[in-house]
Amino acid sequence: LARALGWLPVDQRVTRLVQTLLGDSSAEVRKAMAWQGCNMSEHPELAPLFRHVAEHDPDDSVRADGVYGMRGFLSEGDVVAYARQRLGQDPSQRVAWTVMSIANEHRDDPNGRQLLTDLTRSSYADVASSARSSLQD
């Protein structure tokens, strides 16, 4: 269901479905919907719901996918800044990996490249190694 919502037209029923899925008791359901934010750019009215999940969900994997999902609502430049901010406020390994993915996707941008450089000093060895590899590609 979460995958299909990004392709539907703007409608209050879509908003209610997204709210329901982002508030579900199952972390897997919330996570699936949070990631789909990256496909919801036609629904800017939903951005606050996705931001709330990215910043406040009790499960770090849901927050991480929420950060990734915010790509659908932010400009190219803002998504790197948002990822950096979230990592500073939520330094879990899952969020670090999500930030790594975002930085890698934007490595041709100076801000994305700087974020990759900063991630080479991550306290998570795998994230730091991945950032170093991305910079060498």
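This is a predicted model: local features need pLDDT of at least 70, side-chain atom pairs count only at pLDDT 80 or more; totals for chains, interfaces and linings use all residues.
Aromatic rings come first. A pair of aromatic rings is described by the distance of the centres and the angle of the planes. Two aromatic pairs were counted in this model. One joins Trp-35 and Tyr-68. Their ring centres lie 5.6 Å apart, and their planes meet at 15°. Planes under 30 degrees apart count as stacked, so this pair is stacked. Trp-35 belongs to helix H3, which spans residues 27-35. Tyr-68 belongs to helix H5, which spans residues 60-69.

Trp-35 has a relative accessibility of 33% and counts as partly exposed. Tyr-68 has a relative accessible area of 14%. Buried means under 20%, so Tyr-68 is buried. The ring of Tyr-68 also has a charged neighbour: Arg-71 lies over its face, 4.2 Å from the ring centre.

Phe-50 sits in helix H4 (residues 47-56). Phe-73 sits in the loop between H5 and helix H6 (76-89). The separation is 23 residues, and again distant parts of the chain are linked. Both Phe-50 and Phe-73 are buried.

In soluble globular proteins, nonpolar side chains tend to be buried together. Here, the largest nonpolar core has 36 residues. Val-18, Met-40, Phe-50 and Leu-119 have the most contacts inside it. At least two core residues come from each of H2 (12-22), H3, H4, H5, H6, H7 (93-105), H8 (110-119) and H9 (125-136). Helix H7 gives the most, with six residues.

Two of these helices, H8 and H9, were also examined for packing. Two packed helices are described by the angle between their axes and the distance between the axes. For H8 and H9, the angle is about 140° and the axes are 8 Å apart. Angles over 145 degrees would count as roughly antiparallel. The angle here is about 140°, so H8 is oblique to H9. The crossing of H8 and H9 is left-handed.

Terms used: Residues are numbered from 1 along each chain as its sequence is written. Side-chain values use heavy atoms; hydrogens and water are left out. Rings of Phe, Tyr and Trp (its six-membered ring) pair if their centres lie within 6.5 Å; planes under 30 degrees apart count as stacked, over 60 as edge-to-face and the rest as tilted. Helices (H or I, at least four residues) and strands (E, at least two) are DSSP runs, numbered from the N terminus. Buried means under 20% relative accessible area, exposed over 50%, partly exposed in between (1.4 Å probe, protein chains only). A charge sits over a ring if NZ of Lys or CZ of Arg is within 6 Å of the ring centre and within 35 degrees of the ring normal. A nonpolar core is a set of buried Ala, Val, Leu, Ile, Met, Phe, Trp, Tyr and Cys residues joined through side-chain atoms within 4.5 Å. Axes are lines fitted to C-alpha atoms, for helices over the stretch in contact, and angles run from 0 to 180 degrees between N-to-C directions. Angles under 35 degrees count as roughly parallel, over 145 as roughly antiparallel, 65 to 115 as roughly perpendicular and the rest as oblique. A crossing is left-handed if the near helix is turned anticlockwise from the far one by less than a right angle, and right-handed if clockwise.
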